[in-house]
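Hi everyone, thanks for coming. I'd like to walk you through one model today, so please have a look at it first.

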Amino acid sequence: MPYRSPAADILFSLSAVAGFKGMIGQGLMGDLDWDAVTSIVEEAGRFATEEIAPLNRAGDLAGARFENGVVRTADGFAGVYKRWAEAGWNGVSAPAEFGGMGLPHLVNVACTEIWNGASMAFALCPLLTEGAIGALKAHGSRELVDIYLAPMIAGKWTGTMNLTEPQAGSDLNAVRTRAERAEDGSYRLFGQKIFITYGEHDMAENIVHLVLARLPGAPPGTRGLSLFLSPKFLVNADRSLGPRNDLRCAGIEHKLGIHASPTCVMVYGDNGGARAWIIGEENRGLAAMFVMMNAARLAVGTQGVAIADRAYQQALAYSRERRQGRGPKGEGMAPIVEHADVQRMLMTMKASVHAARGICHLTGAALDLAAHAGAESERAAAADRAALLTPIAKAFSTDIGDEAASLGVQVHGGMGYVEETGAAQHMRDSRIAAIYEGANGIHAIDLVQRKLPLAGGETVRREIAFIREVAGAVRERGSARFGLTADRLSEAAGALEGTTRAMLDWLRTDQNSALAGASLYLRLFGLALGGACLAKAGLAAEALAAEGDESEIGRAGLARFFAEKLAVVAPGLARAIASGGAPLEPYEAIIGSSA
Ligand SMILES: Cc1cc2nc3c(=O)[nH]c(=O)nc-3n(C[C@H](O)[C@H](O)[C@H](O)COP(=O)(O)OP(=O)(O)OC[C@H]3O[C@@H](n4cnc5c(N)ncnc54)[C@H](O)[C@@H]3O)c2cc1C
């Protein structure tokens, strides 16, 4: 089943859910107009469909190969990457002064979904480069910015993120990679990093590694980490490429999915130390790395949306062709799409895609408003909203990616379990997104411990008020197509509100109960907010219908399905969270007895 770009759905969500058209209309985005946004997103869709999507299956089969210290990407990857970069796609939201397009985050979120829908393994390389560009721009010295930013934005040099070590995954306190000061003001790195995405490859002229490491005498834990830039090839004074740096790829992993994306073991400092330059201040590396991590978290959430949508496209096409059993009309074998349970699966996939996409778009809009809103207070509130929504965008959307990809296999029946159909690849590829860029459980903890208390709890209260406002607007609209959407959405908002209060109390009195409920709480938040996103899209569709345009009218029904069949579990989740950590105790007796 060929990939179809969801450009039209993305544009509808940008406008109706994220309010992007309104932001442009208010002049917040400079001289950007909606027609330009439409052309860019549609053109991204064309490039992805024609050039990137054909790499997906071939890349899965061939994978990246490690030969004598060199990583060879699958056939076609290097050529498509070169054309993609030459067309300027690597710099969509990068600063114009360094050759980027300088476009808002929301345009980049839209394009990121399209690249990842076409081939997640391909799109991972620029995803990391984009994060590295952000960290370098925000915290790099003028000299580093001048040397590295333009070629990275042009896509000639790619970027990596080196956090993980064998003993340091979720817990970066345990990072051991060592940095030493050199006499010329630069540094030398020694150590090993694992799981480094595109740490070595043959698609670009140079690879710029951003590496977390520890200086001698640094405080223990993450407060003693510094961030360094260490290129594969050293750069000469005239900006040409010099000799190899003292770093190498020692091997690549054999993985469940994203076979075409090399996941590298990187070794620094075999021969006197890898030359490196500090980004930001000594021992303040995590703050600098967070710029990269936050960008990557929203992008990984978008991967979840992308792969779920791709799985949905494929399942829908199959369900129209495959005939089994009598349909409701009772004549002969019917296409399986006519069976109510298959419709349930397809609608669950579609509604989940649109809900998660809406949340990612709200997050992107908050980032744009944080940069461009008129008043300082609005910019600060938007920055807090982006911080609150980022863990939800990452974890809820990547869980959706997994669930939708698994449903996609189920719709295919036995053929879904057979590799040739491609449904299984989506399931294998999507699985990593809930693990990397911070495992989803860690994001749930971040949401509860760090984001709920933002602005004294005002940020989360505003979000709940937003969900209630949308439910009220649906009730006021009074369209039968919404069914019980307003009621279910109000119940979900109520469940979220009560649970949020409990969480804020537990943060003071009973940390373990807060941590035990964090993932369920994130799910509840995603369902309530996702329901509001779908309802907003439904309201926009109803407004169009009132003007005589019924082309989008299915969106109200989609919002109804999500509210009545999926978000309806919100009060149950609230009850599960309410029992706190108690049911886990004594955990050894419960989970340890039969192992
Ligand atoms: C294909 C792939 C690509 C990757 N790319 C990169 C990359 O480019 N750069 C990079 O630096 N890293 C990368 N990683 C590493 C990735 O970010 C880590 O695997 C991830 O952060 C989880 O760490 P871990 O594997 O050590 O799991 P662990 O930290 O061991 O976690 C295992 C489980 O325990 C849970 N857990 C851990 N600590 C806690 C806690 N305190 N409270 C509650 N639950 C907890 C986790 O949620 C998880 O479910 C990649 C990994 C893979 C597989």
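Strand S5 contributes the most to the shell around the ligand, with 3 residues. Helices and strands here are DSSP runs, numbered from the N terminus, with at least four residues of H or I for a helix and at least two of E for a strand. Before I go on, a word on the source: this is a predicted model, where local features need pLDDT of at least 70, side-chain atom pairs count only at pLDDT 80 or more, and totals for chains, interfaces and linings use all residues. Residues are numbered from 1 along each chain as its sequence is written, and side-chain values use heavy atoms, with hydrogens and water left out.

So, who surrounds the ligand? The shell holds 18 residues, and the closest are Met161, Thr164, Ser170, Phe195 and Thr197; a residue counts if one of its heavy atoms lies within 4 Å of the ligand. By class there are 10 nonpolar, 6 polar and 2 charged residues in that shell. For the classes, Ala, Val, Leu, Ile, Met, Phe, Trp, Tyr, Cys and Pro are nonpolar, Asp, Glu, Lys and Arg are charged, and the others, Gly among them, are polar.

Now the polar contacts, meaning pairs of N or O atoms within 3.5 Å. A polar backbone atom of Met161 is 2.7 Å from a nitrogen atom of the ligand. Thr164 uses its side chain instead, with a polar atom 2.7 Å from a ligand nitrogen. At Phe195, a backbone N or O atom lies 2.8 Å from a nitrogen atom of the ligand. On its own the ligand has 970 Å² of accessible area, and the protein covers 61% of that, by the Shrake-Rupley method with a 1.4 Å probe. Strand S3 (157–162), strand S5 (187–197) and helix H14 (440–451) are the elements that give two or more residues to the shell.

Let me stay with Phe195 for a moment. This residue sits in strand S5 and has a positive phi of about 65°, although it is not a glycine.

Next, empty space. Rolling a probe the size of a water molecule over the atoms shows where empty space is left. On a 1 Å grid over the protein atoms alone, a cavity is a set of points where a 1.4 Å probe fits but cannot get out, a pocket is an open set with protein on both sides within 12 Å along at least five of seven lines, and lining residues have an atom within 4 Å of a point. Grid points are joined across faces, edges and corners, and a volume is the space filled by probe spheres set on the points.

How many cavities of 30 Å³ or more does a search of the whole structure find? The search gives 2. The largest cavity holds about 80 Å³, and its lining includes Asp9, Phe12, His354, Arg357 and Arg555. Helix H1 (7–16), helix H10 (340–372) and helix H17 (511–546) each give two or more residues to that lining. Its classes are 5 nonpolar, 2 polar and 3 charged.

The second largest cavity has a volume of about 40 Å³. Helix H4 (55–62) and helix H13 (423–430) each supply at least two of its lining residues, and H4 gives the most, with 4. The lining divides into 5 nonpolar, 5 polar and 2 charged residues.

For the open spaces, take the second largest pocket, at about 440 Å³. Of its 20 lining residues, Ala366, Leu369, Glu378, Ala382 and Arg385 are the closest to its centre. H10, helix H11 (376–412) and helix H15 (458–477) each give two or more residues to the lining, and the classes come out as 12 nonpolar, 3 polar and 5 charged.

Strands S8 (residues 233–235) and S9 (residues 241–244) run antiparallel and are joined by 2 bridges; DSSP must find at least two for strands to pair. Val235 has Leu241 of S9 as its bridge partner. Finally, Glu585 and Pro586 are joined by a cis peptide bond, with omega about -10°, and Pro586 lies in the loop between helix H19 (570–578) and helix H20 (587–591). Thanks, everyone!

Notes. A polar contact is a pair of N or O atoms within 3.5 Å; within protein, one must be able to donate a hydrogen and the other to accept it, and residues adjacent in sequence count only if both atoms are side-chain atoms.
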